[in-house]
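Colleague: I am new to this structure and would like a guided tour. Could we take one topic at a time?
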Amino acid sequence: MADTAATATPETAGETGDGIRRRDFIDIAAVSAAGVGGLAVLYPLISQMAPSKDVLAASTTEVDVSAIQPGQAIKAVFRKQPLFVRRLTPAEVQEANATPVGALRDPQTLAERTQEGHQDMLVTMGVCTHLGCVPLGAAEGEVKGEFGGYFCPCHGSHYDTAGRIRKGPAPTNLEVPEYTFTSDTTIQVG
Amino acid sequence: MSFPWAKEYTPANGFTKFLDEKLPLPRLVYNAVGAGYPVPRNLSYFWNFGVLAGFFLVLQIVTGIILAMHYAANAQVAFATTEHIMRNVNWGWLMRYAHANGASFFFIVVYLHIFRGFYYSSYKAPREMIWLLGVTIFLLMMATAFMGYVLPWGQMSFWGAKVITGLFGAIPLVGEPIQIWLLGGYAPDNAALNRFFSLHFLLPFVIAGCVILHIWALHIPGSSNPTGVEIKSESDTLPFHPYYTVKDGFGLGVALILFMTMVFFLPNALGHPDNYIEANPLSTPAHIVPEWYFWPFYAILRAFTVDFLFIPAKLLGVIAMFGSILLWFILPWLDRSPVRSGHYRPLFRKFFWFGLIPAMIVLFICGGAPAEEPYVMLSQLATAYYFLHFLVILPIVGQIEKPEPLPYSITEAVLGSDKKAVLGENASPAV
Amino acid sequence: MTKLLSIRLVAILAGLGFALVALYSFVVGAFAFLTEETAPHLPYEEPRDFAFSFDGPAGKWDVQQLQRGLKVYDEVCSACHSLKYVAFRNLSQIGYDEGQVKAYAASKQVPGIDPNTGEATTRPGLPTDYFPSPYPNAVAAAAANNNAIPPDLSLITKARGDGTNYVASLLAGYQEPSAELLAEHPEAAPGPGLYHNPYFPNLNLAMAPPLTSTGQVTYDDGTEATIEQMSIDVAAFLTWTAEPTLVQRKQTGWPVLLFLLFATVLAYLSKKQIWAAVKPKKK
């Protein structure tokens, strides 16, 4: 209260009945100290809204991929969002590699979207890059879209076997999260 | 407010001119807590506690809103989310400790503010409305603090809620239905916890509204002062800013040092260990005690141990506890002494320092102690004095006491002489 | 004026009424106090004062001690007591690296769901899991412990007055009741299934002495595991579980207080300077 009043009407700050006195260094220092203190308080007030420790601790996920047969996909959960892990058939790999990259909306090769030595293992977020719906095509029997990958039913985005956007409103390919193979059968995402 | 020498707000530039025409907010601040508010020049540090109470209200609202972002009012998880705040949320421990100790400091400064009012009779005309609003704020604070203490859902939360709502059960005929209605069940559970959370969130804003009215009412007659003599001329006053802004700033610094010492080094000293045990409806703590700021009134509640005629002891205690605060509402009409300040009232002063203050200390100690002798007997004596003091002694002392001579004016009290007083100008004393 | 007088008259009568009723209670109570005997309190001891590294405003954790305490909890206490607000990941704060935390978590079985049948089962823990409870629910805990449910220990040192010293004193304090005590308070003799402990408020505790012999736990750092040493170490560990942010709190407090002190001195000087012109000279 003292602080706001002081900054609101600085011109009156040194006035007394005997006339105008110069504002002293000490007054400026005191008001500045109050200002610095007020700013310092903002730090915990703001950072309390950032993810808490338990949320951060749950920000990596391990997925066992040993049971996925070629042509199958599983849905896992990564940071509370769906994660698609798909083992491509040789035909699907070939199809993905045969597509001319230059003609794509978001030019990427299959090799860029998979890890070396595991080109048949496509790990993507199950989040359409248009408005965040979950595309179809990971579960058995779901529509895979015109390009045999994923199809988002919300606004009709079609992704190909490498999870690249081919048709529809989505601006970019399905996001590939950071992940590593901790063994031949396990990946750690995040 | 209506002092003719109060400084007039003059907008400094185009923007503030524009603002002053469309929405004169700077003018409002200037006249409320700026240079446009003339304040008695002799206020002691006891006049700091109003601003400090305002500060702690804001602190409670800010930390409370943050805690509400992470807390869940459900009996299954309330205790666990409180621990989640303490362990996982960034700076959550600081927010919770600041909120818990902030409640204590809010009460400390408000009690000092109230007892300042008792000693200097700040409640007397023309300031009755300020006092009535103040007592209302205090009652709202008590309700808010009580419901807030239930939220962590520890053992004391649960049993406190049970005991306090049980007070309503003492009301004849309708008591039990009222208690069940208050709780939304037969014992505190989800329904009670949720409504307490909702009201605990709402009431602070009602308090803030009452605080604005309290300050508004204050600006009609202006602040009282340690002599109790009303303002007579410009030389009695100083502009609020910078004189009292800087004094309040210093007072706030001292209060914050004490507060932060508690928050960082003794955060649980004012709390009860049992509230770190999750609520268990099947097991009562050995001693149920409320938070320390309720102890004097809790002692009055428990002082009535014997039925009197046809009135059960429990009902007597409930009536006395509520009565002990509600009687503050009629204080301006009980104490009719023409002199305000205790400085000039020899008899009143003796009753204040050797009667009321010791009685409050005894009640405070007994309220926190288990219901055993000698605490019960002491609290009964102190309770008797408490009611005698306000309802009997104050009205009678006001009639029979011969006050000491008052200074002519605040200026005379501060400077030793007032030229106008010597000249005899404006010679009618205000009291 | 007459109306106001009547308000005061009513008030005086009400005041006398309240005082009279309170004094009536006082007289009845005083009479009972003088004529009736009240049950005396059993004399229990205040906790001993162990000096812990984290005591005081500049206190710090003794990481070695916390690790020893974890071992005592792990090998002794955890048989009956849960630690449900502590996650395995939290152990990284008391000097364990990621691999050690992972291995420790994996060595514990936590409740899980069989992915094929959906039935409740157990699985090895992950760092994000919380310490598992030794009993599936409170009924099972009561049934296995002669109806006394072993309390969760996460917050035990905050849930007791002078909690850290209390836990250490209690664990190291089991003994036979003295002959004088039994002579004076025959009711203090432990009943069936109860154990005497002078630090427990009613002297009779349902928990059998958990720490019974030197070397019951083998410390990795070579410290001799006497009963008292184990008691102190596990009390320190449980202080950490009750408030993992304790040391961070104290360390944050110092700069905050120093800054406030600085700002308050400035405010005081500023106040003196501004008021200098209007203050009367001291005589």
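Colleague: How do helix H1 and helix H2 of chain B cross?
Modeller: This is a predicted model. In it, the axes of helix H1 (residues 14-22) and helix H2 (residues 25-33) of chain B come within 7 Å, and they cross at roughly 85 degrees. Angles of 65 to 115 degrees count as roughly perpendicular, and H1(B) and H2(B) are therefore roughly perpendicular to each other.

Colleague: Which residues make the contact of H1(B) and H2(B)?
Modeller: From H1(B) they are B:Thr16, B:Leu19 and B:Asp20, while H2(B) brings B:Leu25, B:Pro26 and B:Arg27. Sorted by class, the contact of H1(B) with H2(B) has three nonpolar, one polar and two charged residues.

Colleague: What does B:Phe106 touch?
Modeller: Leaving aside residues up to four places away in sequence, B:Phe106 touches B:Ala53, B:Phe56, B:Leu57 and B:Gln60.

Colleague: Now the chains together. How many residues does the contact take from chain B and from chain C?
Modeller: Chain B provides 50 residues and chain C provides 48 residues.

Colleague: Which helices of chain B each supply at least two residues to that contact?
Modeller: They are helix H4 (78-87), helix H10 (240-265), helix H12 (313-326), helix H13 (331-334), helix H15 (375-400) and helix H16 (410-415) of chain B. H10(B) gives the most to the side of chain B that touches chain C, with 14 residues. By class, this side of chain B has 36 nonpolar, eight polar and six charged residues.

Colleague: And how many residues do chain C and chain A put into their contact?
Modeller: That contact takes 13 residues from chain C and twelve residues from chain A. On the side of chain C that touches chain A, nine residues are nonpolar, three are polar and one is charged.

Colleague: Staying with chain C, what do strands E1 and E2 form?
Modeller: E1(C) and E2(C) form a hairpin with six residues between them. In the turn, C:Gly118 has a positive phi of about 80 degrees. Strand E1 (residues 109-113) and strand E2 (residues 120-124) of chain C pair in the antiparallel sense over five bridges, and C:Gln109 stands opposite C:Pro124 in E2(C).

Colleague: Last topic, chain A. How many helices and strands does chain A have?
Modeller: Chain A has five helices and eleven strands. Of its 190 residues, 29% are buried.

Colleague: What is the order of the open sheet of three strands in chain A?
Modeller: The order is E4-E5-E6 (chain A), and the pairing is antiparallel. Strand E4 (73-78) and strand E6 (121-125) of chain A are at the edges with a single partner strand each, so one side of each has no neighbour in the sheet. On average, neighbouring strands of this sheet are turned by 25 degrees against each other, direction ignored.

Colleague: Over how many bridges do E5 and E6 of chain A pair?
Modeller: Strand E5 (residues 81-87) of chain A pairs with E6(A) in the antiparallel sense over five bridges. A:Arg86 stands opposite A:Leu122 in E6(A).

Methods. Residues are numbered from 1 along each chain as its sequence is written. Chains are lettered from A and ligands numbered from 1 in the order in which they are written. This is a predicted model: local features need pLDDT of at least 70, side-chain atom pairs count only at pLDDT 80 or more; totals for chains, interfaces and linings use all residues. Two strands pair if DSSP finds at least two bridges between them. Helices (H or I, at least four residues) and strands (E, at least two) are DSSP runs, numbered from the N terminus. Axes are lines fitted to C-alpha atoms, for helices over the stretch in contact, and angles run from 0 to 180 degrees between N-to-C directions. Two residues are in contact if their C-beta atoms, placed from the backbone, lie within 7 Å. Ala, Val, Leu, Ile, Met, Phe, Trp, Tyr, Cys and Pro count as nonpolar, Asp, Glu, Lys and Arg as charged, and the others, Gly among them, as polar. Angles under 35 degrees count as roughly parallel, over 145 as roughly antiparallel, 65 to 115 as roughly perpendicular and the rest as oblique. A residue is buried if 20 or more other C-beta atoms lie within 10 Å of its own, exposed if 12 or fewer, and partly exposed in between; C-beta atoms are placed from the backbone.
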